[in-house]
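Take a look at the protein shown here. Turn it slowly and follow the chain from one end to the other.

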Amino acid sequence: VQQWAASFGKEIAALSNRYSGAKLLQKKYKDVEGVVKMEEVNGEELVKKFAEEMEEMLGRKMKSVKRLAEAAEDADLGHEYNETLEFDYFNSLLINTVDEEGNPIPLGGEFLLEKNEHFNKLPVSTQQSNIQVPTNVYNRPDILNGVYMSEALNDIFIDNFQKDPTLTWQYFGSATGFFRLYPIQWIPDENGVVTFDCRNRNYIQAATSPKDVIIVVDVSGSMKGLRLTIAKHTINTILDTLGENDFVNIIAYSDYVRYVEPCFKGMLVQADLDNREHFKILVDELQVKGEGKVKKAMKESFKVLNEVLGQGSLCNQAIMLITDGAMEDFKDVFEEFNFPERRVRVFTYLIGREMTFAENVKWIACNNKYYTHVSTLADVQENVMEYLHVLSRPMVINHDHDIIWTEAYMDSVLFNTQAQSLLLMTSVAMPVFSKKEETLSHGILLGVVGTDVALRELMKLAPR
């Protein structure tokens, strides 16, 4: 046994030497022994240095955003609204576009654009910013006044970039829907339709405090056809306004109450990307049947919000009721759960052109102040955005200039143009408020300023 053990031990040693490369390492070390030295690394010091460098870099980004916020608020303070204002700006989809005679078309403008490594090899001009307006947002007087007022940001964009060359895209997302982006970039849209709305999660996270949201949707028989389609689109749009700091659940009701995801019964879940996408799949599968008994659904929603107090976002709480009308009277539910403080805000979305059984829904509106009528798919985006102004009001009145850092996300511009160089980004953003005397008590949110930070810029600071 001893002989066998000794033999086996030698075989193990031979194998370990062979496969670990120990002998090779020893030989290599002897070859360079005269010119290399061993040095002990202090891990704590490395991490501390990395943290300090990262703090300094992120601090520069925050200063840039603060300068933009101050400039935007001052520009608005000095701007007098003009209903008949006529003002030309550069539309990001039309620059360098010419008519049949070779002349730049209105809102086009001629720019020398050069591919820039720093901006992911996209053709840009760092001398100016431009405007993008979604197709569903029209060139109204408030858009023109906002564009005119925000032109004051051009100099700040350029100055920020000169002070910190690691900055990437800087922007002002207006509450009215237009998006001022620096530097100018040109990405022609084949179909001429701009679906991107700057009032997305980055905007929302900066404009509102964290929130607990329960979406209550009517799936009774009267919701069939186009109404259900509009209801589903409304839910998806609400989900798109939520981020990782928010908590959510969705309840469907007809003759009985059911959670669209039974695993999430009686609770709120973090509105991260996975959960939002999971909800969207389940919402798409909803079908209508039976009679709408909204009273039980509202009672269940209030109970969940009361029970999670201290576990959700610890901030705003809201119920989004999506229905074509409520036949039953459910005032006693509000009296039991939400009066007199009205701690939970209730937003009602009345779906469809005909206003059947709308009186009880209107009663909610009169007693909770938030009510909107959604008759077509085109109405959904603007009507959903309205709730953000309500939830942002306390922040605006208190002038809470909180800086937020978003969750990491894929750059959508790159996703559409250069899939081979997809980048993970984070955004630092800050709300912009009206400082005019007459609006202080109303709490008017003008929009959000921000800049994107590529995560690779942070990784450059990390020691190898």
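Predicted model: local features only at pLDDT ≥ 70, side-chain atom pairs only at ≥ 80, totals over all residues.

Residues are numbered from 1 along each chain as its sequence is written, and side-chain values use heavy atoms, with hydrogens and water left out.

Begin with the strands. Helices (H or I, at least four residues) and strands (E, at least two) are DSSP runs, numbered from the N terminus. Two strands pair if DSSP finds at least two bridges between them. Find strand β5, residues 179-182. Strand β3, residues 130-132, pairs with β5 in the antiparallel sense over three bridges. Here Q132 has F179 in β5 as its bridge partner. β4 also runs antiparallel to β5, and four bridges join them. In this pairing, Q170 stands opposite Y182. β4 and β5 form a hairpin with four residues between them. G177 sits in the turn and has a positive phi of about 120°.

Now look at the side chains of β5. F179 and L181 point one way, and R180 and Y182 point the other way. Are these residues buried or exposed? All four are buried. Buried means under 20% relative accessible area, exposed means over 50%, and partly exposed lies in between (1.4 Å probe, protein chains only).

Next comes an open sheet. Three strands form it in the order β1-β2-β6, with antiparallel pairing. β1 and β6 (184-185) stand at the edges with a single partner strand each, so one side of each has no neighbour in the sheet. Strand β2, residues 122-125, is joined to β6 by two bridges. V124 has Q185 in β6 as its bridge partner.

Move on to charge. Side chains of opposite charge can pair when their charged atoms come close. A salt bridge is a side-chain nitrogen of Lys or Arg within 4 Å of a carboxyl oxygen of Asp or Glu. How many salt bridges does this rule give? The count comes to 14.

One of them joins the side chains of E56 and R60, at 3.8 Å from N to O. These two are four residues apart in helix α3, so about one helical turn separates them. E56 is exposed, with 52% relative accessibility. R60 is partly exposed, at 32%.

Another salt bridge joins K61 and D164, at 3.0 Å from N to O. K61 lies in helix α3 and D164 in the loop between α5 (153-163) and β4, so the pair ties together parts that are 103 residues apart in sequence. Both K61 and D164 are buried. E56, R60, K61 and D164 are linked in a network of salt bridges.

A further salt bridge pairs K211 with D246, whose closest N and O atoms are 3.3 Å apart. This pair also links distant parts of the chain. K211 is in strand β7, residues 211-218, while D246 is in the loop between α7 (226-240) and β8 (247-253), 35 residues away. K211 and D246 are both buried.

N91 counts as buried because its relative accessibility is 15%. What does N91 touch? Leaving out residues up to four places away in sequence, N91 touches L107 and I131. Contact here means heavy atoms within 4.5 Å.

Last, the empty spaces. Rolling a probe the size of a water molecule over the atoms shows where empty space is left. On a 1 Å grid over the protein atoms alone, a cavity is a set of points where a 1.4 Å probe fits but cannot get out. A pocket is an open set with protein on both sides within 12 Å along at least five of seven lines, and lining residues have an atom within 4 Å of a point. Grid points are joined across faces, edges and corners, and a volume is the space filled by probe spheres set on the points.

The count gives one cavity of 30 Å³ or more. The largest cavity holds about 60 Å³ of space. Its lining includes H118, W169 and R456.

The second largest pocket has a volume of about 440 Å³. It is lined by 24 residues, and D76, D142, T176, I444 and L446 lie nearest its centre.
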